[in-house]
Amino acid sequence: MTTELEPAASPIEQDKVPEPKPRPKKGKWWLLLPVLLLVLAGTCGGWYYYTEQQALAAAKAAYTTAAQTKEAAAQTLEAALAPAADAAANTPPDALANPALLDDLKAQIEKAHALQSADATPAVQGGKAAYAAAAQTLEHTAGAMQETAQTLTATTAAVTAARRQKAVSDLEGWIAEAERLLQQTADRVADVTTQEDLKTTIAKAKALLGDESAEADALAAMGKALGDAKAEVRASYDQWQAQEAEKAPTPSATPATSGATATAGASAGVDYAHPLVAAARQYIGTRQGFCWELVQHALGDLGYSGSGQQVMSPMTGNWYDYISYRSRATQVSISDLRPGDIIEYGPDYGELGGVDHVAIYVGGGRAIHGNYDYNGLVKEASVNIGKTLTRAYRLS
């Protein structure tokens with residue numbers, strides 16, 4: 001195999017010195033430094049501007065969110081104000097066991113109105129700091145509105161519940177009064193349908209009491225219906241009394257015995273000069289809510305003061321000092337009545353001896369009564385009023 005050999009270098013070529021490589025020329029690079037600085041400054045300025053714009057946009061967004069939150073709080077407050085104002089306007093103080101609760105509600109309503117009057121979206125001029133301050137103001141306003149709305153709602157609910165509780169209590173009392181009236185006027189009315197109507201109304205009232213959703217207004221309306229039905233029974237009772245008076249205008253001379261229905265007078269004739277009789281007679285024709293008021297006023301006119309011995313009125317459930325005369329009087333037989341004696345009718349009520357009716361005897365089988373026939377007037381009438389004459393007391 002033949003190998004080709006490179007030709008050998010000539011002696012002249014071997015002695016030739018290689019030429020040096022050219023060196024780069026030195027440029028004026030420092031002239032580029034201002035340009036670089038300008039580029040760097042522009043970059044930094046652009047970044048600062050970008051971040052500032054981002055911060056401003058965030059502040060504006062926070063301001064917008066706060067404004068929306070405040071607007072929602074204002075709507076919540078307005079929604080809470082409507083029922084609160086209605087409850088305050090339509091709830092009389094005597095409709096609550098605690099009238100101070102109604103005062104609290106009215107004060108909160110005034111606070112809510114003040115918040116609404118001061119409510120305004122602040123005008124914003126400036127940068128992110130102005131927007132941040134405005135957002136903080138809006139958030140504070142929204143918080144105050146939400147807190148007031150919650151308090152209003154809770155107090156309105158408390159007033160509504162208290163009013164209903166009072167209405168329930170009142171209706172229960174009216175039902176009890178109506179049932180006592182039925183008992184007291186049993187078989188002593190001119191028109192028995194009035195009693196049947198009252199029984200029906202009592203049944204409806206009891207059914208309404210069992211309805212937890214019944215509102216105070218409905219309970220009050222039922223109480224009014226009961227009052228109307230009771231008035232019809234009382235009017236029918238008055239008519240029956242008049243009819244009975246026509247049948248037997250002159251009372252019997254036979255004295256009643258303890259525990260029996262009063263049928264008679266006493267061993268003494270009429271004596272209008274007796275101090276207690278005279279004191280009681282000046283009230284004839286006036287309106288007294290209860291029989292005990294007549295006795296109390298007549299005794300007071302003679303200088304007697306209460307003894308502190310209180311009893312419960314069977315008609316109202318309230319406590320009165322209307323039998324305090326027992327502590328300074330002597331119990332006498334009802335077969336030996338004299339003018340000025342205080343006579344009591346049964347049945348008895350209460351552990352302390354509350355009575356169904358009390359009157360002042362004038363003699364001759366007659367007495368001065370306060371509201372014995374439910375028309376509220378003081379009048380002189382027979383001792384025979386369809387009730388049981390149980391006791392008599394004579395002042396010392």
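In which loop is Leu96 found? In this predicted model, in which local features need pLDDT of at least 70, side-chain atom pairs count only at pLDDT 80 or more, and totals for chains, interfaces and linings use all residues, Leu96 is placed in the loop between helix 2 (33-90) and helix 3. Residues are numbered from 1 along each chain as its sequence is written, and side-chain values use heavy atoms, with hydrogens and water left out.

The protein holds eight helices and eight strands, where helices (H or I, at least four residues) and strands (E, at least two) are DSSP runs numbered from the N terminus. Of its 396 residues, 37% count as buried, a term that stands for under 20% relative accessible area, with exposed meaning over 50% and partly exposed in between (1.4 Å probe, protein chains only). Among contacts (heavy atoms within 4.5 Å) between residues at least 6 apart in sequence, 69% join residues at least 24 apart.

Two residues illustrate such links between separate parts of the chain. Leu96 is buried, with a relative accessible area of 4%, and its C-alpha atom is separated by 9.4 Å from that of Ala161, which is 65 residues apart from it along the chain. When residues up to four places away in sequence are not counted, Leu96 touches Thr91, Leu102, Val159, Ala162, Arg163 and Lys166. Ala167, which belongs to helix 4 (residues 128-184), counts as buried at 10% relative accessibility. Ala167 and Ala216 are 49 residues apart in sequence, yet their C-alpha atoms are 5.6 Å apart in space, and with residues up to four places away left out, Ala167 touches Ala216 and Leu219.

Helix 3 (residues 100-118) has 19 residues and reaches 27 Å from its first C-alpha to its last, close to the 27 Å expected at 1.5 Å a residue, the expected span being 1.5 Å times one less than the number of residues. Leu102, Leu105, Gln108, Ile109, Ala112 and Leu115 are the buried residues named in helix 3. Seen down the axis of helix 3, the buried residues fall within an arc of 135°, so they line one face of the helix; the arc is that of the directions from the helix axis to the C-beta atoms. On the other side of helix 3, Glu110, Ser117 and Ala118 are exposed.

In helix 5 (residues 192-209), the end C-alpha atoms are 26 Å apart, in agreement with the 26 Å that its 18 residues should span at 1.5 Å a residue. Buried here are Thr194, Gln195, Leu198, Thr201, Ile202, Ala205 and Leu208, and because these residues fall within an arc of 135° when seen down the axis, they line one face of helix 5. Val192, Lys204 and Ala207 are exposed on the other side of helix 5.
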